[in-house]
Amino acid sequence: MINVRTRYLGELAVSAQGLGCMGMSHGYGTTDDDQSIATLHHSLDLGVNFLDTADFYGSGHNEELIGRAIADRRDEVVLATKFGFANRLGEPTRIRGDAAYVRQACEASLRRLGVDHIDLYYLHRVDPQIPIEETVGAMSELVRAGMVRHLGLSEASASTIRRAHAVHPIAALQSEWSLWTRDLETDIAPACRELGIGIVPFAPLGRGFLTGRYRSVDELADNDVRRNQPRFADGNLHRNLAIVANLEELAAAKEVTAAQLALAWVQHRGEDVVPIPGTRRQRNLEENIAALSVELSAEELAAITATAPPEQVAGTRYDPTNLAFVNG
């Protein structure tokens with residue numbers, strides 16, 4: 001069994017890899033609650049204790065699912081959830097960060113999760129109409145009330161992170177970071193490191209693409225959100241397969257899978273980095289955890305990086321509508 005080390009997000013100790021739970025309720029085709037709960041239990045058994053959810057995933061279903069899974073294992077879990085999307089699935093997107101909504105959303109999440117506190121509470125997206133100082137000020141009241149232990153932001157710019165941290169310590173920034181999404185490396189990651197804020201990369205496997213398991217959009221379920229994402233679109237997908245081919249060649253030489261090599265690359269970005277690959281299948285979970293034992297030399301890291309030059313990645317990471325909700 002792999003020894004899953006501890007890393008720190010600010011002062012919050014978590015397993016060096018987390019488990020992203022969104023796909024158990026939302027986004028990636030059919031769902032299976034029993035399968036998901038078994039995977040959640042297996043994650044805890046293997047030492048991955050950092051579970052990530054949000055009130056938006058499945059319109060609350062994901063939090064309820066996590067609550068059921070951890071009901072008798074709460075003390076084993078570092079529980080993270082997010083708020084900010086004030087709409088249900090299928091409704092026009094609304095972001096809210098006003099003080100009244102902050103407490104309302106947290107109370108609702110606590111009920112769905114069936115817990116008395118949340119270990120890490122993120123603002124899912126920054127509300128462009130509300131000063132970040134108001135939002136984080138209200139979030140800090142949750143800490144004082146004992147409802148939340150640590151605060152986080154998601155998809156925030158460097159300037160927003162600095163303003164937020166001046167109001168209350170921010171433990172973690174959650175943003176997309178993988179071989180083919182490296183936007184945060186220029187300004188955001190340095191700002192986090194200057195302030196002692198941990199980084200939680202979501203989609204570290206390029207929404208599954210970097211695993212090499214997808215060669216055509218036809219392999220995705222009709223209700224899979226990736227069908228509407230530019231990098232999976234006709235033309236772009238086939239161009240991006242060149243990245244996967246190069247990654248698979250390096251992985252074969254290393255005697256690991258492409259998924260493990262891509263994930264190990266993210267794990268090696270720093271001791272303050274805790275990726276949260278998502279899956280609802282135990283075999284994928286085990287494959288991901290095994291990436292923690294993959295050691296990479298400076299030369300190997302450079303070779304992996306070279307498989308995905310930013311200028312060769314075809315398509316933006318979101319469609320224009322969702323890209324507009326990324327702060328900064």
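Mentor: Two strands pair if DSSP finds at least two bridges between them. Please keep in mind that this model is predicted.

Trainee: Which residue stands opposite serine 154?

Mentor: Serine 154 faces glutamine 174 of strand E8. The strands concerned are E7, residues 148–154, and E8, which pair over four bridges.

Trainee: Is the pairing of E7 and E8 parallel or antiparallel?

Mentor: E7 and E8 run in the parallel sense. In a regular strand, side chains alternate between the two faces of the sheet.

Trainee: How many of the residues of E8 are buried?

Mentor: Strand E8 spans residues 170–176, and seven of the seven are buried, so E8 is largely enclosed by the rest of the structure.

Trainee: Which residues of H1 and H2 meet?

Mentor: From H1, Asp33, Ser36, Ile37, Leu40 and His41 meet His61, Leu65, Ile66, Arg68 and Ala69 of H2. By class, this contact of H1 with H2 comprises five nonpolar, three polar and two charged residues.

Trainee: How far apart are the axes of H2 and H3?

Mentor: The axes of H2 and H3 (residues 99–113) lie 7 Å apart, and the helices pack at an angle of about 45°. H2 is therefore oblique to H3. Glu63, Glu64, Ile66 and Gly67 in H2 meet Ser109, Arg112 and Leu113 in H3. The contact of H2 with H3 holds two nonpolar, two polar and three charged residues.

Note on methods:
Residues are numbered from 1 along each chain as its sequence is written. This is a predicted model: local features need pLDDT of at least 70, side-chain atom pairs count only at pLDDT 80 or more; totals for chains, interfaces and linings use all residues. Side-chain values use heavy atoms; hydrogens and water are left out. Contact means heavy atoms within 4.5 Å. Helices (H or I, at least four residues) and strands (E, at least two) are DSSP runs, numbered from the N terminus. Ala, Val, Leu, Ile, Met, Phe, Trp, Tyr, Cys and Pro count as nonpolar, Asp, Glu, Lys and Arg as charged, and the others, Gly among them, as polar. Axes are lines fitted to C-alpha atoms, for helices over the stretch in contact, and angles run from 0 to 180 degrees between N-to-C directions. Angles under 35 degrees count as roughly parallel, over 145 as roughly antiparallel, 65 to 115 as roughly perpendicular and the rest as oblique. Buried means under 20% relative accessible area, exposed over 50%, partly exposed in between (1.4 Å probe, protein chains only).
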